[in-house]
There are 2 protein chains.
Amino acid sequence: MQQTDHLRDLFPEGFLKRGTVRSVPDGKCLVRQGSHMDTFYLITNGKCGISCDLSNGKTILIRTAHAPCLIGEMELLNDEPAMMTVRAIGECSLLAFDMKEARRILCADHAFLQKLSVLTIRKEHENAVKLICAEAYPLADRLAFFILEHCRGSVFRVKKTEIADSLGASYRHIEKLMDDFVKQGVLQKERCTYLIRDEAKLRELSDGLSELMQRETELE
Amino acid sequence: MQQTDHLRDLFPEGFLKRGTVRSVPDGKCLVRQGSHMDTFYLITNGKCGISCDLSNGKTILIRTAHAPCLIGEMELLNDEPAMMTVRAIGECSLLAFDMKEARRILCADHAFLQKLSVLTIRKEHENAVKLICAEAYPLADRLAFFILEHCRGSVFRVKKTEIADSLGASYRHIEKLMDDFVKQGVLQKERCTYLIRDEAKLRELSDGLSELMQRETELE
């Protein structure tokens, strides 16, 4: 995996051995916004949902972080409370590092800082392009993509208010589209949970978006 | 200006004196995507439009960068071709630094790299939240905000295809809204240019978005 190597290359030699291998269950909260982080993570397998509580009381899901990715690099650098909440979507494997030790070693490492800056600036640019391009897709396609990103196996359980806020849509519009999916046999409603019955249809709808999001770089 | 100080604090002592004070006219292209940058910029007054040419032939305006801001920090760190095109919107004042010299000094400066990483990660997070939140506003509001961000004085001249791609809307929808603005006396059409006749109305529409975009941090 070229991309894993890319992330592993970030770290000074011998650093990764200091990490503890862990497996975390679906839904496990790795970081809570506003809290102090004692651990720095390298997600090696699986994916996490990154969300943010706004001052107006809304919670938005900013994106899904797919392994390999770092969790807590901001807090590593500036020792401030966590900016976002991070939660495992499905089981995740990770390397956990003591934050203080990681900070002591990594913040003293010039090559690490330079590589991290490059990665971050590139990611910032790519995320902006992706978010803007994603807006051009119909809401049904974006909802299908969202469901696939946030499901656990065939179970999808995210509050409709959170979906609405994260996709910039009204609650009613999301409700209508979810009902349509149920009528079309794509989803099946079970109390407050949805079961995916026709994954192929969701994949078909979200095809363009998946391609966009997976693209490493979309520059000329 | 607290924010200027914040950016000025980034640099090692004496560095800013190495910059040449320049004023660039409206429309001046500071960086062309894919080109090699010989100059690193600190914009001290004014604003720039940052755009990206996609591989599908579309050009999207990613955002407007308001002074104080850096242009070329990615290229400073990794010496690769520019990722985006940057163009002055209205007259801009800036400090220009020889890229090689800036790279030699800044990439050797540990404190600079650490502060730049923190700034970038924070910016990445904030931009993601802003882009997601902006989606929730009606297209007319987002168009009003876009016009105010990209006008030169009272002149607005951006291709409708570019507006459409940047706002994730169809060309026809943008055309319809621009026509509505003309009918309402908000804009006046002059060949391929629009003149702003009722800035107050545009400000009123874009009020919520302006507040969102100007907020330093929207976390709890």
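**Entry 1: how the copies meet**

I began with the surface shared by chain A and chain B. In this predicted model, 100% of the interface residues of chain A are also interface residues in chain B, so the two copies meet through the same surface. I then looked up the contacts. On chain A, 47 residues are in contact, and they touch 47 residues of chain B. The two chains bury about 4,400 Å² between them. Of that area, 66% is on carbon and sulfur atoms.

Next I looked for charged pairs between the chains. Two salt bridges turn up across the interface of chain A and chain B. I noted Arg122(A), which forms a salt bridge with Glu80(B). Their closest N and O atoms are 3.2 Å apart.

Which elements of chain A supply the side that touches chain B? I listed β3 (39-53), β4 (59-66), α2 (73-78), α4 (110-134) and α6 (160-167), each with at least two residues there. The largest share comes from α4(A), with 17 residues.

**Entry 2: aromatic rings**

I moved on to the rings. Over all chains, the structure holds ten aromatic pairs. I picked Phe146(A) and Phe156(A), which form an edge-to-face pair. Their centres are 6.4 Å apart, and the angle between the planes is 85 degrees. That angle counts as edge-to-face because it is over 60 degrees. Phe146(A) sits in helix α5 (residues 139-150), and Phe156(A) sits in strand β7 (residues 155-156). They are ten residues apart. Both Phe146(A) and Phe156(A) are buried.

In chain B I looked at Phe15(B) and Phe97(B). This pair is stacked, at 4.6 Å centre to centre and 20 degrees between the planes. It links distant parts of the chain, 82 residues apart. Phe15(B) lies in the loop between α1 (2-8) and β1 (20-24), while Phe97(B) belongs to strand β6 (residues 85-98).

**Entry 3: Ile196(A)**

I then followed a single residue. Ile196(A) lies in strand β9 (residues 193-196) of chain A. Its relative accessibility is 12%, so Ile196(A) counts as buried. The cut-off for buried is under 20%. What does Ile196(A) touch, leaving out residues up to four places away in sequence? I noted Ile147(A), Cys151(A), Gly153(A), Ser154(A), Val186(A), Leu187(A) and Leu202(A). I also checked Leu148(A), which is 48 residues from Ile196(A) along the chain. The C-alpha atoms of Ile196(A) and Leu148(A) are 9.1 Å apart.

**Entry 4: helix α6 of chain B**

Last, I looked at helix α6 (residues 160-167) of chain B. How many of its eight residues are buried? Seven are, and the helix is mostly covered. The buried residues are Lys160(B), Glu162(B), Ile163(B), Ala164(B), Asp165(B), Ser166(B) and Leu167(B). After α6(B) comes Gly168(B). The phi of Gly168(B) is positive, near 65 degrees.

Conventions
Residues numbered from 1 in each chain as written. Chains lettered and ligands numbered in written order. Predicted model: local features only at pLDDT ≥ 70, side-chain atom pairs only at ≥ 80, totals over all residues. Heavy atoms only, no water. Phe/Tyr/Trp six-rings, centres within 6.5 Å; stacked < 30°, edge-to-face > 60°. Helix = DSSP H or I, 4+ residues; strand = E, 2+ residues; numbered from the N terminus. Buried < 20%, exposed > 50% of the residue type's maximum accessible area, 1.4 Å probe, protein only. Contact = heavy atoms within 4.5 Å. Buried area = accessible area lost by both parts, 1.4 Å probe. Salt bridge = Lys/Arg side-chain N within 4 Å of Asp/Glu carboxyl O.
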